[in-house]
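Biologist: I am new to this structure and would like a careful, close look at a single part of it before I go any further. Please take me through the side chains there, and then on to the charged pairs elsewhere.

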Amino acid sequence: MNRTLTYTIPTEYDGFQIDKFLKVNGYSSANITAIKKMPNNVVIDSEWVHMNRKLKAGEVLTVNISEEDSSEKIPAIEMPLDIVYEDEDIIVVNKPAGLPIHPSLNHYEDSLANGLAYYFESQGKPFIFRCANRLDKNTSGLTVIAKHLVSGNILSTMVKKREFHREYYAIVRGHLEQSEGTIDAPIGRVSDSIITRQVDFENGERAVTHYKVMDEKNGHSLISIHLETGRTHQIRVHFKYIGHPLIGDHLYNPDYEYMQRQALHSHRIQFEHPITKKVMEFVAPLPDDMSTIFSSSET
C-alpha cells in the first residue's frame, strides 16, 4: 500500500525535528521506525532528508509510506462486501451478522478480513488488517479498517482515548422502567470460562453503558446505546444484569423465538478522520432480522 502524505509546517513547529513533528501528528515510534526503512521516506523540496533534520516554518514535508507485505494467515476469499465509504486512508464496512471480523480456528476462510484481503488483492495492492472497532461475529453493523500503518495507529489511539464514538441498537425483552439511563457495573470473567463475562463488583473492571429506549412493541424494546467504556460483551452483560437481556444471545439469553443471533447492531459511528481531521459520521439502518420485530402486527 503506497500513500503520500504532505504537511505544510506551521510557525509553531519551526525548529522541530521531523520525527518529533510526526509524533505530534499521531505517528507512533513504531510507525517512524518502519517508515525509516522505506524508500524515499521523508522529502523536503524534492530532496530526501534524515528524520532528525530540523524543519522550517512554511516548508512542505512529504512522507512516502510504502507497505509491500500482506497480513500472514489471511487467505484472500471472494465475498460480497457492503462498503459504505472508502478513501486512501480508511475503509468503512457494514458487516452482516454471522461474519467473523478475522480468521479463527473454525473460521479460517470466512471472515471480513478474508473478504478485504481479496478486495485489495484484486486491485494488486497488499493488505494488512487493521480494524479500529472489532465487532463480535453475530453483531452486525459499521466497522472501520485502516489502510496503512499511520491511519491505523491514529485510529487505535482515538479508540483508547474514547474519541471514537459508537452508537449501537439492541433489542431486549420487556418494558424498561426508565426510558433512558446509565448502567454502571464492573465486568469480569466468569471463573470457569475464557469467553463468558459477568457483573463482578469484587474483581471486575469498571463498565458504563448509557441507553435510551427508542421504540417498544410486541413485548420488546429497541434501545440506543452509547458506551463510555469498552469491556468485552459489555452491552450483553449489562442488559442481562438489569433483567432485560438481548434476545437471541446464545451466551447470555438463548431465546431464539425471534432471532437466531444476539440482537445487536453497530448503528452509527463518528470520529475525526485520522489524516484530514474532518469529522466523519456514518449510519447503518437496522438489518431486516431486527427491524421486522417492530414491523410485525403482533401486540
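Biologist: Which residue has a side chain that a polar contact joins to the side chain of T209, and at what distance in Å?

Modeller: This is a predicted model, in which local features need pLDDT of at least 70 and side-chain atom pairs count only at pLDDT 80 or more, while totals for chains, interfaces and linings use all residues. Residues are numbered from 1 along each chain as its sequence is written, and side-chain values use heavy atoms, with hydrogens and water left out.

The partner of T209 is H238, and the polar contact between their side chains spans 2.7 Å. Such a contact is a pair of N or O atoms within 3.5 Å; within protein, one must be able to donate a hydrogen and the other to accept it, and residues adjacent in sequence count only if both atoms are side-chain atoms. T209 belongs to strand β13, residues 208-217 (strands are DSSP runs of E, at least two residues, and helices are runs of H or I, at least four, numbered from the N terminus). T209 counts as buried because its relative accessibility is 0%, where buried means under 20% relative accessible area, exposed over 50% and partly exposed in between, with a 1.4 Å probe and protein chains only. Leaving aside residues up to four places away in sequence, T209 touches several others, among them G181, I183, I225, L227 and F239, contact meaning heavy atoms within 4.5 Å.

Turning to the charged pairs, a search of the whole structure finds 14 salt bridges, each a side-chain nitrogen of Lys or Arg within 4 Å of a carboxyl oxygen of Asp or Glu. In one of them, E88 and R3 meet at 3.2 Å, N to O; E88 lies in the loop between β5 and β6 and R3 in strand β1, so this pair ties together parts that are 85 residues apart in sequence. R3, with 11% relative accessibility, counts as buried, and R3, E88 and D89 are linked in a network of salt bridges.

Another salt bridge joins E67 and R130 at 2.6 Å, N to O; since E67 sits in the loop between β4 and β5 and R130 in strand β7, the pair ties together parts 63 residues apart in sequence. E67 is buried, at 10% relative accessibility.

D255 and R173 also meet in a salt bridge, at 2.6 Å, N to O, and because D255 lies in the loop between α5 and β15 and R173 in strand β9, parts 82 residues apart in sequence are tied together. D255 is buried, with a relative accessible area of 14%, whereas R173, at 30%, counts as partly exposed.
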